Structure formats: structure tokens, C-alpha cells
Amino acid sequence: MSLIRGRLRVLQALTLVLLLLLGTRLWQVQVVDGAKYVAAATQTRTREVVVPAVRGQILDSAGRPLVRNRTALVVSVDRTALGRMKDKGAGVMARLGAVLGHDPADLSLRIRPCGPSVSRPCWAGSPHQPVPIDVDVTTRQALQILEHQEDFPGVTAREQAVRDHPGKSDAVQALGYLQPVTQEELDRREGFKAEFSGIDVAGRDGLESVYDRELRGTPGRKRVQVDRLGRVLGTEHEVPSVPGHTLITSIDAKVQAVTERALAEAMKKAPHADGAAGVVLDARTSRIVAIASAPTYDPAIWTGGITEAGYRRLLSDKSGKPLVSRAIKGEFAPGSTFKMSSVTAMLRAGYPLYGSYNCPGSFKVGGRVFNNFRGQALGVMSLHKALVKSCDTIFYRAAFQQWVRDGGMKPKGKPKEIMANTARAFGFGRRTGVDLPGESPGRIPDRAWKKEVWAATKEDNCRRAKVGYPEVAKKSKERADFLKALARDNCLEGNRLRPGDAANFSIGQGDVLVTPLQLATAYAALVTDGRLRSPRVGWMLVRPDGTKVKEIKAPVRGKLPLSAEERAYIKGALSQVASDGTAAGAFIGFPMKKVRIGGKTGTAEVYGKADTSWFASFAPVHDPRFVVVVMVSQGGMGSESAAPAVRKIYEGIYGFTPEGAPAPRALKARAPAAKPPVIKPDGTVAHQVSTGGRTSW
Amino acid sequence: MVSRVTAARGRFLTRRAVASSAVHRVDGLLLVAVAALLLIGTLLVWSSSRTWAPGATGLVKKHLLNVGIGVALAVAAATVDHRVLRAYTPLVYGGALLGLILVITPVGSEVNGAHSWIMLGGGFALQPSEFAKLGLALMLAMLLAQPAEGDDRPRGLAVMMALAVAALTMGLVMAQPDFGTTMVLAVITAGVLILGGLRKRWIILLALAVAAGGAAVWFMDVLKPYQVARFTAFIDPATDPRGVGYNSTQSLNAVGSGGLFGKGLFGGGQTMGRFVPEQHTDFVFTVAGEEFGFLGSVTVVVLLGVVLLRGLRIARQCEDRFGMLVAGAIVCWLGFQTLINVGMTIGIMPITGLPLPFVSYGGTATFANMIAVGLLQAIHMRERHPV
């Protein structure tokens with residue numbers, strides 16, 4: 001019995017050792033390394049959920065929404081979940097197509113990630129993010145998906161905020177659109193970079209893009225406790241999201257609508273018109289009251305992923321590239337609307353303001369004959385009349401004389417180039433700095449520019465000067481010959497500013513290109529205080545409760561090289577254009593006694609195309625509050641397309657019927673809003689008694 | 001050593017003279033430790049199962065029923081004179097064997113990859129391998145309780161028979177297959193053989209045979225792939241943290257995040273989230289680790305230690321070889337399960353499906369453990385009876 005008791009002792013010692021081992025190890029795991037396991041456990045037990053911030057609204061100058069949010073039921077597909085399935089989710093997509101009424105093949109195309117060789121439809125967002133494939137499904141469809149999750153693994157239907165445009169296609173190019181954020185964009189953002197809310201979007205184009213950071217707000221974070229199946233048990237910690245700021249713009253929705261209608265009508269009336277743009281500026285501040293580009297499109301196309309055909313249509317020539325804002329991206333020869341710059345150049349070159357100038361039917365420049373419009377000789381006249389009647393030859397002569405003064409074909413030293421430099425002072429040839437993306441700078445062709453282009457195109461031009469254009473000759477021998485001669489000219493002396501170039505420049509033809517917005521800001525400066533401003537659409541950023549974040553200023557970026565007297569003189573001349581000048585026909589029946597309109601028509605020739613129709617205007621002439629510029633590409637003469645469209649816009653602003661009888665007007669104060677609307681703490685707009693300078697008749 | 005045993009005996013004699021009631025002869029410390037473990041077990045089972053449905057008490061009611069039956073069985077076992085039991089041991093063992101045979105026939109049901117259960121209906125089931133532990137302990141003790149004349153050591157024939165009985169039992173359990181229980185049976189066998197007086201050279205020989213057998217099992221692919229995987233994961237849990245290593249990682253996270261004081265009953269996030277699989281049964285210790293912290297889990301280990309040490313004390317104080325061996329076998333059984341079960345939750349033992357004695361949820365295991373404790377008490381109460 002002592003043997004067994006001895007062995008029991010050994011067993012007891014062994015037991016004690018093992019107990020001690022367990023105790024030591026427990027101390028190590030729970031006390032020494034405890035923190036490590038706490039961290040690991042917290043990580044498995046909790047999920048960081050991003051609470052998306054409500055995107056700020058975009059309001060007009062009366063507080064009416066231009067872009068707002070609306071709740072929609074969005075169906076999204078988790079590609080990772082589908083990829084784990086045996087059939088790579090083909091079955092799920094087939095069932096989904098049946099429920100949503102889409103072709104499953106089309107749905108599959110939409111969820112593949114975009115890449116260098118994969119074009120739309122594709123998913124431009126992060127590959128880890130659920131792809132929304134249908135926005136705005138019905139409640140019934142959503143329930144079909146949610147109640148049969150076994151048939152739809154990886155598919156969710158949940159409420160999401162989507163953008164809503166009450167004005168439909170109005171101002172879409174300026175407002176911009178949203179698209180799912182790309183990985184690069186997300187990486188650039190500050191803050192919670194690695195986190196996806198699954199519906200992160202970024203503003204593309206327009207105000208949505210320029211003010212993206214302000215509109216976006218800050219997403220919140222929620223740390224939720226989950227069980228092993230990912231079911232949420234409760235919230236451990238929450239940082240609420242901060243909604244985006246509301247952007248108040250200077251756009252007036254009613255004036256915008258009137259402008260859109262005027263452009264659409266002008267397009268319809270002109271047989272060749274392929275695009276139009278309209279800009280309404282607050283003349284004193286250069287704030288944009290309306291900015292429109294035709295053709296336009298319904299922005300609903302962006303919601304929930306655009307189809308390939310839809311995207312192509314937005315950028316195709318056939319549909320007139322409705323995605324592109326012609327008001328800021330369209331570069332066109334300005335025609336006679338440019339003459340206010342040429343008159344200014346003449347004054348700065350020493351031509352007398354009150355001098356007499358002969359306006360012959362034609363003027364010979366460098367062996368080429370440059371004609372007046374329809375070759376009419378108008379006799380001796382003042383600069384005032386030269387503008388009203390739009391004489392060309394006076395400007396040809398002045399431009400030629402200045403070209404000779406600069407040294408002609410062989411300039412000595414640094415040429416003054418007064419025509420080009422004055423145009424630059426009006427803001428042409430450089431971007432206005434408007435708060436919209438993708439603006440074009442236009443073009444002011446001076447000697448330096450000529451050299452640059454020549455250097456870049458010399459080889460091709462010289463080759464073409466020899467071989468000609470046989471491929472064009474098949475269609476039109478005349479055009480091929482013209483192009484060959486042009487190539488020869490350009491090859492030989494394309495590096496020099498020829499006298500013909502100078503002459504064309506003076507009447508806004510040839511290589512001069514401006515954007516409608518540039519022209520509008522130039523006219524605003526001319527008819528008000530002579531200060532050139534950088535136009536703005538955004539006016540003020542406020543929090544959803546109405547408190548001010550910051551006001552957006554339209555800064556002065558230059559001063560016209562004109563005295564107040566000279567400005568008044570030119571303005572006076574332009575004030576007669578609509579009543580007695582080139583635009584008189586377009587304004588027959590307009591109650592000029594109530595609101596006098598001033599302006600300048602422009603008819604720019606484009607080789608092989610119909611003329612570009614321009615009208616740059618301001619009203620009322622004694623104290624201009626509005627500058628309205630309309631351009632109709634291939635619209636014909638300025639008085640044919642653009643001027644009637646401008647008339648329609650004024651009729652809408654001031655409230656006249658086409659016959660001149662009173663009608664409801666877009667702007668009660670007959671002037672642009674003087675102050676941004678006041679947003680009350682509950683988000684509604686306070687009714688504001690207008691303090692804007694009321695225009696008296 | 002002898003003098004201490006004598007002293008203890010003397011002390012007992014005095015006490016027995018004062019109180020003659022059997023209740024007073026019960027090992028109080030063992031009783032208290034088991035009661036505390038049952039109570040803690042009930043709380044842990046409650047905590048781990050209460051989130052299965054909102055507002056539910058989980059498995060607490062069924063667990064309490066099991067404990068109640070267990071207590072009744074323990075009391076019954078305590079009243080049996082172990083010498084009477086010795087006579088009936090072949091019957092008990094036969095019954096256990098019958099259960100093991102039944103379970104591998106279509107009568108048995110498969111749960112978690114092992115054909116280990118006999119479904120009784122009404123949500124009740126029996127796991128005959130638990131009774132096999134008890135049956136084998138008694139049977140081996142009986143076989144080795146009769147040493148050769150004037151010797152402490154068992155006869156060769158008895159050893160052979162013991163080995164045959166052990167092999168038969170383990171073979172049947174392995175057929176389910178239930179690797180964990182087989183290990184327990186092996187440990188019980190080794191324990192009884194060694195305590196029973198096997199010569200050292202035989203012990204070494206047997207150990208070599210076991211090692212060779214183990215190697216054969218490993219290399220001949222007798223183990224199921226998941227069993228192999230468990231060992232691999234034990235050596236390096238990072239091999240497959242989502243798969244086999246998951247259990248190990250999650251249980252370490254739960255225990256480790258308890259810290260010194262724990263998160264309080266029902267306060268464990270890992271437990272609430274049900275991240276640890278089989279948390280009410282094999283991994284019940286992780287609930288103690290997370291919610292009661294180091295102090296609580298060490299208390300559980302200490303309580304189990306008290307049970308084991310009292311069991312050893314009872315064995316030493318017993319005058320009868322059969323009683324000694326039975327008590328020793330029970331200590332080996334419960335001790336091994338404690339070591340493996342607690343060890344696997346803290347990453348020092350491979351993942352094996354063995355319940356924590358008196359704590360884990362599970363009817364048959366509770367019954368078997370309680371009968372074992374009842375037998376310890378029975379041996380204790382009758383240790384002074386002259387042979």
C-alpha cells in the first residue's frame with residue numbers, strides 16, 4: 001500500500017505543477033498581455049460604420065432650390081460577395097434583372113470596374129464599394145429583394161439621398177453632376193480615408209465640383225458592436241455626421257428658365273444652329289444671374305450610374321454635346337461685338353474720340369480687299385455712328401495703320417500691338433476665373449501667338465502646300481484649293497502677323513476667339529464702372545441652419561483703359577443699337593420707353609459654316625443692371641438669332657408680352673437680387689422684402 | 001508519510017466518535033468546491049446562451065435540470081458502499097460498453113462530425129462515452145485491485161486483461177470517432193496502471209508503445225483531417241485564423257480581454273457577440289475569462305484544483321486498493337480534462353472537444369462527473385471501515 005500511496009504523492013505533485021502552469025499562463029494572457037487581446041477583441045467585435053453626411057443644397061438668389069436631395073430606394077450589389085459564388089453571381093444577376101426589369105447582361109456590364117480598356121458602362125468607384133445598379137426602385141421591388149435575401153446574396157436595397165433638380169434641364173452644365181468617388185479622389189480627401197460609406201460621391205463638373213468640399217459635409221462615424229455573423233447588437237461610440245453647407249448662388253431660377261427657353265427657341269428658328277449660349281450678369285457685380293447652354297439634357301441620367309449609350313449621347317456631335325457648357329467652354333469669333341475693344345484701342349492709339357472718320361464700302365489691306373458688310377459705303381461719320389451702324393472699314397484702316405506703325409511684316413524692337421493688348425485689358429484671351437471648372441481662355445492672336453502656332457504647324461503646312469488636299473478635293477475642289485493656298489501662306493509667312501490678320505482682328509474675325517462669358521464680363525465693365533470683374537455663380541455658403549459660413553466675392557481683376565467720359569460715349573453709342581442700329585429690327589415692338597436696351601450685334605463668319613450670331617446687351621441704358629449676352633452657333637446674323645433671344649430674356653425679366661404689353665415678370669425688383677436670401681434656422685427661406693435698387697422707368 | 005496518514009486517521013477517529021451521522025463524514029471541502037463550480041457553471045452557461053434569443057434565459061433551465069439530476073446521482077453514488085460497487089463493476093462496465101456499441105449503430109446520432117449521441121427525444125440526449133470513462137475507471141480498478149500474494153504489484157494476467165479492456169473501450173470510442181474521450185480513457189488507463197503498481201520498466205515499455213502507436217496513427221492517416229488541422233493550428237494559430245485557428249484565436253481574445261477583474265457577468269462583448277464557438281460547452285471557460293477576469297478564472301482553476309487534491313487525499317486515506325484506484329482514476333480523468341480544457345482556451349493545449357468538469361453545459365458529462373464525485377464521497381465516508 002505504500003507503493004500506491006507514493007505514486008499518489010507523485011500524482012499530487014504533478015497536479016499542483018499543472019495547476020500552477022494554468023495559473024501562470026492565465027496571468028500572462030489576462031494581465032500581462034491583456035491589452036493586446038483587448039485590442040484584438042475590440043477589432044473583431046466592432047465595426048466602424050460611416051454615417052454619410054447630407055449633401056448641401058444649391059439655392060438660387062431667392063432661396064429656391066436648384067439642386068436638392070430626395071430619398072430614393074437604391075439597389076446595390078456587392079461585387080466581392082458575387083465573386084465568391086460558384087457562378088460568379090450570374091444567377092443572382094439574372095434574378096435581379098427579372099425583378100428590376102433590366103437585361104442581366106447590361107447589369108453585369110455596369111458593375112464591372114472601369115479600367116484603361118473598360119469603358120462605360122462600368123463602375124468608376126472603388127472596387128470594394130457596393131455598386132448601385134438601380135436608383136429609384138419601387139417599394140415592392142425593394143421588398144422582393146430584401147425579403148428573399150437567400151435569392152439575392154450580396155444585394156441590398158436601402159434608402160439613400162439622391163440629387164434632385166427641380167429645374168430639370170435648366171443650368172445643368174453650370175450645376176454639374178455627381179458620380180461615385182474614385183479611389184484616387186478618396187485618397188486625396190482629408191479625414192477617414194480608408195472608409196467607404198458605399199455611396200460616396202464626388203461632384204463632377206459645375207458647382208458640384210467646384211464647391212464639392214463645402215457641399216459634401218463631413219461623414220460621421222459609428223462604432224457598432226456586432227456578433228459573429230455581423231448582426232448589429234448596439235452602438236458603442238458615435239461621431240455624428242456634419243451636413244454639407246448650402247450653396248446660395250446668384251442664379252435666379254426664373255431668369256434661368258426664361259434664358260433656357262429663349263435659347264431653345266433661337267435654336268429652333270435658325271435652320272443651321274448647332275448650339276447656343278446665354279449669360280445674364282448682374283452688371284454692377286458680375287454675379288451670374290443666368291447661365292445657359294443649348295442643347296441641354298435631363299440630369300436624372302446621372303442618378304444611379306449612366307449607361308454607355310447615355311454617356312456617349314452627352315458627348316456626341318450628333319446630339320450637340322449637351323454636356324459641354326458653351327457659355328464658358330465654347331470659343332467663337334465675336335464679330336462686331338468686339339468693336340468696343342477696337343474703338344478703345346483706337347482711342348489709346350491717339351485717334352480722337354470726337355473725330356470724323358470715313359466709312360468707305362471697302363478697304364484694301366496688303367493687296368486684299370476688305371469689304372464693309374454688304375459692301376455699303378456709309379460716308380463720313382463719328383465713332384458713335386461707326387458703332388451704331390457697325391462700319392467695318394474704319395476699324396480696318398485703324399488696325400492696318402497700327403500694324404504699319406508696329407513695323408508691319410518686319411517689326412522693330414518690341415511692337416506695341418495696341419489692338420491685342422487692349423483686347424486683353426477687356427479680359428479676352430484669358431480665363432475669367434469664374435467659379436466653374438473647365439473654362440476656356442479664348443484666343444487673342446498677336447505676333448507671339450502667330451510664331452508659336454507657325455512653329456508647331458510649319459511641317460504639316462509646308463507638306464500640304466505641296467501635295468494639297470486630295471481627300472478634300474474629292475468632295476469639293478473649291479475647298480481643297482482654298483486649303484492648299486492657306487497652307488502655302490501659312491508655310492511661307494505663318495510666323496508673321498499679316499496686315500489681313502490685323503484687319504480681321506479689328507472686327508472680331510479671323511483668329512480671335514472669345515467665350516460668351518468673357519464677352520459678358522467685358523460689357524459689364526464697359527457699361528458700369530470700368531472695372532473688370534471675375535464673375536461668380538456662388539454667392540454665399542451657409543450652414544443648413546442658415547448661419548453664414550462665408551460670402552463669395554466677385555473680385556475686380558482689371559480696369560478698362562477708358563476714362564469715364566469715353567465709357568459714357570461708347571455706352572451712348574451702343575444704347576442706340578437696339579432702337580436705331582443693327583438690332584433695331586429685332587426689337588420692333590419692344591417697349592423701349594419703359595426699359596431701354598443697349599447692345600451690339602455680332603455676325604462672325606466661320607469658313608464652311610453658317611455665321612455665328614451674337615448679341616451683347618445691357619439694360620436699362622441709363623443705369624445698367626443687367627448684361628445679357630447670347631450666342632447662337634451657326635445662327636446667322638446677330639440680329640437674326642441672338643438679338644431676338646436677348647429680347648425674349650428681357651421680356652421675361654421685366655415682364656412684357658411679345659407685343660410689349662405688361663406680363664408677370666421674373667424679377668419683382670426689376671433688378672438682380674441685392675442680397676442673398678436669408679435662410680431661417682429651420683432651413684426655410686425667410687420672406688425678404690427686396691432692398692435691391694429699384695429701377696425707375 | 002505513514003505517520004501523517006496515521007495522524008489523519010487518528011483525527012478522523014476522534015471526529016467519528018463525536019458524530020456518527022454519515023453527513024458529517026462527507027468531505028466538506030470537496031462538497032463546497034463542487035457546489036461552487038456548479039453555481040459558476042450555471043452563471044456561465046446562462047451568460048453564453050442568453051443572447052440566443054431576446055429576453056431568453058438560454059439553456060439555464062435545462063442546465064439546472066441536468067445539475068439537479070446530477071446531484072441526485074451523486075447522492076445515490078455516495079450511499080453505495082464501494083465494496084458493493086466492486087461486485088457490480090462488471091455490470092456497470094458492461095452497461096457502458098453496451099452504450100458505446102449502441103451509439104455506433106444506427107441508434108446513435110451524429111453531431112459535429114462524431115457519432116457520439118443517443119437521442120432520447122424531447123431535446124434530451126445521452127453521450128455514452130461519458131459513462132465509458134466511469135465504467136473503465138471502475139473496471140480497471142477492479143482488475144488491478146488484487147495484487148499477487150505479499151506484493152504491491154498486480155499480476156501480469158491482470159495487467160494484460162486491463163490493457164485488453166482499455167483497448168476495447170478506446171477502440172469503440174475511437175470508432176465514433178471521439179479523439180478527446182479516447183485520450184481521457186488512455187489517461188485513466190495509464191493512471192490506474194501506474195497507481196496500481198506497474199513496474200517502472202513496464203511503464204517505460206508502455207510509454208514507448210503509446211508513442212509508437214501515436215506515431216503510427218499520425219503517419220497512417222487514421223485521424224480525421226479536422227483533427228490533424230487542430231494540431232497544426234495549435235502549433236501555429238496563424239496558419240488559418242478564419243478556419244481551425246479561429247477557435248483558438250477567438251477564445252484567446254475572449255479570455256485575454258477579461259483582464260484582471262473581467263467585464264462583469266453578462267458584460268462580455270465577445271461572449272455577447274458569440275464569437276467563440278461552442279462557448280456553453282467546450283469553451284465555457286472563456287466566459288469566465290472574459291466576464292470574471294483573471295481573478296475569476298483563477299478561482300475556477302483553484303476550485304477544480306481543490307476537487308483534484310481532495311480526490312487524491314481521499315485516495316491516500318483509503319485502506320482499500322479498489323477504493324484508492326477508483327479515486328485515483330477519477331482524479332486522473334477530471335485532472336486531464338481540466339488541463340486540456342482550460343489549456344486549449346489559453347493556447348497551451350490543442351483544441352479538443354472535452355468539457356470542463358462541473359462547469360460546461362451537457363447532461364451526460366454532468367451526470368458522469370457527479371457520479372464520480374459521489375463515489376469519491378462514498379470512498380471517503382467508508383475509508384475507516386476495516387477491510
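Guide: In H7(B), B:Val184, B:Val187, B:Ile188, B:Gly191, B:Val192 and B:Leu195 meet residues of H13(B). The partners in H13(B) are B:Leu325, B:Gly328, B:Ala329, B:Cys332, B:Trp333, B:Phe336 and B:Gln337. By class, the residues of this contact are 10 nonpolar, 3 polar and no charged. Contact means that two C-beta atoms, placed from the backbone, lie within 7 Å. Nonpolar covers Ala, Val, Leu, Ile, Met, Phe, Trp, Tyr, Cys and Pro; charged covers Asp, Glu, Lys and Arg; the others, Gly among them, are polar.

This is a predicted model: local features need pLDDT of at least 70, side-chain atom pairs count only at pLDDT 80 or more, and totals for chains, interfaces and linings use all residues. Residues are numbered from 1 along each chain as its sequence is written, while chains are lettered from A and ligands numbered from 1 in the order in which they are written. Helices (H or I, at least four residues) and strands (E, at least two) are DSSP runs, numbered from the N terminus.

Now the geometry. The axes of H7(B) and H13(B) come within 9 Å and cross at roughly 145°. Axes are lines fitted to C-alpha atoms, for helices over the stretch in contact, and angles run from 0 to 180 degrees between N-to-C directions.

H7(B) has another partner. Helix H6 (residues 156-174) of chain B packs on H7(B) at about 170°, with the axes 9 Å apart. That angle makes H6(B) roughly antiparallel to H7(B). The cut-offs are under 35 degrees for roughly parallel, over 145 for roughly antiparallel, 65 to 115 for roughly perpendicular, and oblique for the rest. On the H6(B) side sit B:Val159, B:Ala162, B:Ala166, B:Thr169, B:Met170, B:Val173 and B:Met174. They meet B:Thr181, B:Thr182, B:Leu185, B:Ala186, B:Thr189 and B:Leu193 of H7(B). Here the count is 9 nonpolar, 4 polar and no charged residues.

42 residues of chain B are in contact with 33 residues of chain A. H7 (179-195), H10 (244-256), H11 (269-272), H12 (284-317) and H13 (321-345) of chain B each supply at least two residues of that side of chain B. H12(B) gives the most, with 12 residues. This side of chain B has 22 nonpolar, 16 polar and 4 charged residues.

Along the principal axes, the C-alpha atoms of chain A fill a box of roughly 145 × 70 × 50 Å. Buried residues make up 46% of the 697 residues in chain A. Buried means 20 or more other C-beta atoms within 10 Å of a residue's own, exposed means 12 or fewer, and partly exposed is in between; C-beta atoms are placed from the backbone.

One covered helix in chain A is H17 (residues 418-425), with 6 of its 8 residues buried. These are A:Ile418, A:Met419, A:Ala420, A:Thr422, A:Ala423 and A:Ala425. The cover includes helices H14 (339-349), H16 (393-405) and H21 (499-506) and strand E20 (556-559) of chain A. From H14 of chain A, A:Ala345 touches A:Ile418, A:Met419 and A:Thr422, leaving aside residues up to four places away in sequence. A:Ala345 is itself buried, with 28 other C-beta atoms within 10 Å.

Two of the covering helices pack on each other. The axes of H16(A) and H21(A) come within 8 Å and cross at roughly 135°. H16(A) and H21(A) are therefore oblique to each other. Their crossing is right-handed. H16(A) brings A:Phe395, A:Tyr396, A:Ala398, A:Ala399, A:Phe400 and A:Trp403; H21(A) brings A:Pro499, A:Ala502, A:Ala503, A:Phe505 and A:Ser506. That contact divides into 10 nonpolar, 1 polar and no charged residues. As for H17(A), A:Gly427 follows it with a positive phi near 95°.

Key:
Left-handed = near helix turned anticlockwise from the far one by under 90°.
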